[in-house]
There are 2 protein chains.
Amino acid sequence: MNIGEVAIQTGLPAKTIRYYEDIALITPRRADNGYRSFDASDLHKLTFLARARALGFAIEDCRLLLELYEDESRASADVKRVAQDHLGKIEAKIADLKAMHETLAHLVAACAGDDRPDCPILNGLSELPERTANKAMNHLPLDAPHSNA
Amino acid sequence: MNIGEVAIQTGLPAKTIRYYEDIALITPRRADNGYRSFDASDLHKLTFLARARALGFAIEDCRLLLELYEDESRASADVKRVAQDHLGKIEAKIADLKAMHETLAHLVAACAGDDRPDCPILNGLSELPERTANKAMNHLPLDAPHSNA
DNA sequence: CTTGACCTTCCCATTACTGGAACCTTTATG
DNA sequence: CATAAAGGTTCCAGTAATGGGAAGGTCAAG
């Protein structure tokens, strides 16, 4: 099976599939013409990866999950721990986003949105906040870049 | 005022402040020794930027907001539109994350998490989902990279 | 034979920084 | 006064996970 067909089957862009081979998540064999030739196992792995990515797992988590998936003697506890960790991160992000949303929604609601320059949003961004929730005002820029290592 | 003190005042890392100068968000003057010398206006702008970033605005949105902030003849409608756009993106991300969370939480709950290999999480990632919510299973990898352009 | 649809590799761009090297300036101390 | 520590400077590279596009090989059809 060529990469185009695999892309269709898995929903992953061909570019992404090549990248996954690059970082050794999959190792499809090569046909004589140099084309990648994907078998059922490759397809399963890619499907697995696509699902794990869709659930927001980082690539390295996916790698780990894939290893566990292939390891018949795994302990489900290991899988569960990875998943629970990730669940925790998702919850943290949701909390951050909700805090941002609340603060911003207040500002937006207070803004007339007309042709006059007076703007509570800009005021809120320049003045020190008064009664708006801003626990998320520490810099956690939407996706907590390196804070979780 | 030197960069270190500004870093303390604004809560922004010195590296970030230099970066903001690099991309022309601020243009502090230079002292004779080559050090950046920040005045009150620079400090205000950086504080503004820090707050806008904390609310999740992208750098280019921050640039725009900063321009509006400095423009005495702005229309608050312009500001409001930017903020509302962003609010929409935040809502979309929250929705994605919630969908992920729901799916993953179900799987985690079903996993024994012991030393046996049997694992509903891995099963859920490999088999085609049955009754789990997966509207977010299209690939929106947590932060919707290029989908909003 | 050529067109077009595939496939290949390779390199650059993205976002918003962070880390580190190599080097200069200022300040504090023995 | 010498020196070391604590600041500052620039520049280069790396991050996560792709996406875009160039330059070129391969294959099936007309």
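## A tour of two chains and DNA strand C

The residues near DNA strand C (a heavy atom within 4 Å of it) comprise 8 nonpolar, 5 polar and 6 charged. Here Ala, Val, Leu, Ile, Met, Phe, Trp, Tyr, Cys and Pro count as nonpolar, Asp, Glu, Lys and Arg as charged, and the others, Gly among them, as polar.

Before going on, note that this is a predicted model, in which local features need pLDDT of at least 70, side-chain atom pairs count only at pLDDT 80 or more, and totals for chains, interfaces and linings use all residues. Residues are numbered from 1 along each chain as its sequence is written, chains are lettered from A and ligands numbered from 1 in the order written, and side-chain values use heavy atoms, with hydrogens and water left out.

**Stop 1: DNA strand C**

Select DNA strand C and show its surroundings.

Now colour by helix; helices (H or I, at least four residues) and strands (E, at least two) are DSSP runs, numbered from the N terminus. Helix 1 (3-10) and helix 2 of chain A, and helix 2 of chain B, each supply at least two residues of this surface. Which helix gives the most to it? Helix 2 of chain B does, with 4 residues.

- I3(A): a polar backbone atom is 3.5 Å from a phosphate oxygen of DNA strand C.
- R30(A): a polar side-chain atom sits 3.0 Å from a phosphate oxygen of DNA strand C.
- Y35(B): a side-chain N or O atom is 3.4 Å from a sugar or linking oxygen of DNA strand C.

**Stop 2: R36(B)**

Go to strand 2 (residues 36-37) of chain B, where R36(B) is found. Is R36(B) buried or exposed? R36(B) has a relative accessible area of 18%, so it counts as buried (buried is under 20%, exposed over 50%, partly exposed in between; 1.4 Å probe, protein chains only).

Show its side chain together with that of E21(B). The two side chains make a polar contact at 2.5 Å. A polar contact is a pair of N or O atoms within 3.5 Å; within protein, one must be able to donate a hydrogen and the other to accept it, and residues adjacent in sequence count only if both atoms are side-chain atoms.

Leave aside neighbours within four places in sequence. R36(B) is then in contact (heavy atoms within 4.5 Å) with M1(B), N2(B), I3(B), R18(B), E21(B), P28(B), R29(B) and R30(B).

**Stop 3: A24 in both chains**

Select A24(A), in the loop between helix 2 (14-22) and strand 1 (29-30) of chain A. Its phi is near 65°, a positive value in a residue other than glycine. Most residues other than glycine have a negative phi.

Jump to A24(B), in the loop between helix 2 (14-22) and strand 1 (29-30) of chain B. Phi is positive here too, about 65°. A24(B) is exposed, at 51% relative accessible area.

**Stop 4: chain A against chain B**

Finally, show both chains. 60 residues of chain A are in contact with 60 residues of chain B. The buried area (accessible area, 1.4 Å probe, that two parts lose on being put together, summed over both) is about 5200 Å², and carbon and sulfur atoms give 73% of it. On chain A, select R51(A), L55(A) and L125(A): they lose the most area to chain B, together 14% of what that side buries.

Between the chains, 20 residue pairs are in polar contact, both at pLDDT 80 or more. Helix 5 of chain A brings the largest share of the side touching chain B, 21 residues.
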